[in-house]
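I would like to walk through one model, and I will give each term its cut-off as we reach it.

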Amino acid sequence: MVRQNSRLLVVCGPSGSGKSTLLRKLFDEYPDKFGFSVSHTTRSPRRFEVDGQHYHFTTKDEMQASIDRGDFLEHAVFSNNMYGTSFQAVQNVQKSGKICVLDIDMQGVIQIKKIASLKPVSVFVKPPSIGELEIRLRRRNSESEDNLRARLNAAQQEINYGETPGNFDCIIINESLDKAYNAFKEFVLKSFESIEN
C-alpha cells in the first residue's frame, strides 16, 4: 500500500499543456527531491519513448488482470488505450525517500480524490486557449486527425474540470514557460517546505 504519511504531487492537464516540460524542469533542478511515478499504458510507444522510463508498455489483457487484482491506484481509458498508476510504481519512488509525482488525467484525479487517506497536493496546468493547444498538438506531428480531435475534445472537458473550484490546489496557465515554471515551482516548494532542507 501507499504510505499514508507520504505526500504525493499530482499534476494534471490536457495533452500539450506543457505539464511534462514543467515536471522535467522541476526534476532537473531538484533531482534528489522528486521522483516520477512511471505509469502503465497499453498504447504503442512513440519514437522517443523508452519502456520503463516514459511508461511501462503492456497489453490490455495484462493490465486488466492487474486492475482486477487491485494493483492500481488509478486507471483510465483514452482513445481506446488504458493508462494507470500502479501502487508498486508509487512505492518505488517513496522507498527512495523522494516525493512521488503523478502525471495523470482527469479520470485518475477523480479516483485518487476518493481515497480519503491520501492527501495529494494537486496542480492543474492549462494552455492559454484551446486554439493555442491545437497549434501545439499539431506541431508535435504525432497524432492522426481523429486522435487530435479526440484530444481537443478531452482537453475541453479537462479544462472545465480543472477550473471548477475545489478540484485543484493550484492552477497554472502555461502561456510563457518561464513564468509558468516559476509559479509552479514556487507553489510546489511552499507545499513541500521540507524539501529545501
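Let me begin with burial: a residue is called buried under 20% relative accessible area, exposed over 50%, and partly exposed in between, using a 1.4 Å probe and protein chains only. What you see is a predicted model, in which local features need pLDDT of at least 70 and side-chain atom pairs count only at pLDDT 80 or more, while totals for chains, interfaces and linings use all residues. Residues are numbered from 1 along each chain as its sequence is written, and side-chain values use heavy atoms, with hydrogens and water left out.

Now the sheet. Helices (H or I, at least four residues) and strands (E, at least two) are DSSP runs numbered from the N terminus, and two strands pair if DSSP finds at least two bridges between them. On that basis, 5 strands make up an open sheet with parallel pairing, in the order β2-β7-β1-β8-β9. Because β2 (34-36) and β9 (170-173) stand at the edges with a single partner strand each, one side of each has no neighbour in the sheet. Strand β1, residues 8-12, runs parallel to β8, residues 121-126, and is joined to β8 by 4 bridges; cysteine 12 has phenylalanine 124 of β8 as its bridge partner.

Next, the aromatic rings. Rings of Phe, Tyr and Trp (its six-membered ring) pair if their centres lie within 6.5 Å, and planes under 30 degrees apart count as stacked, over 60 as edge-to-face and the rest as tilted. There are 7 aromatic pairs in the structure. One of them joins tyrosine 55 and phenylalanine 57, a tilted pair at 5.8 Å centre to centre with 55° between the planes, and both residues are buried.

Which parts does the pair of phenylalanine 124 and phenylalanine 168 tie together? Their ring centres are 5.2 Å apart and their planes stand at 45°, so this pair is tilted. Phenylalanine 124 belongs to strand β8 and phenylalanine 168 to the loop between α6 (145-162) and β9, so the pair links parts 44 residues apart in sequence. Phenylalanine 124 is buried, at 0% relative accessible area, and phenylalanine 168, at 11%, also counts as buried.
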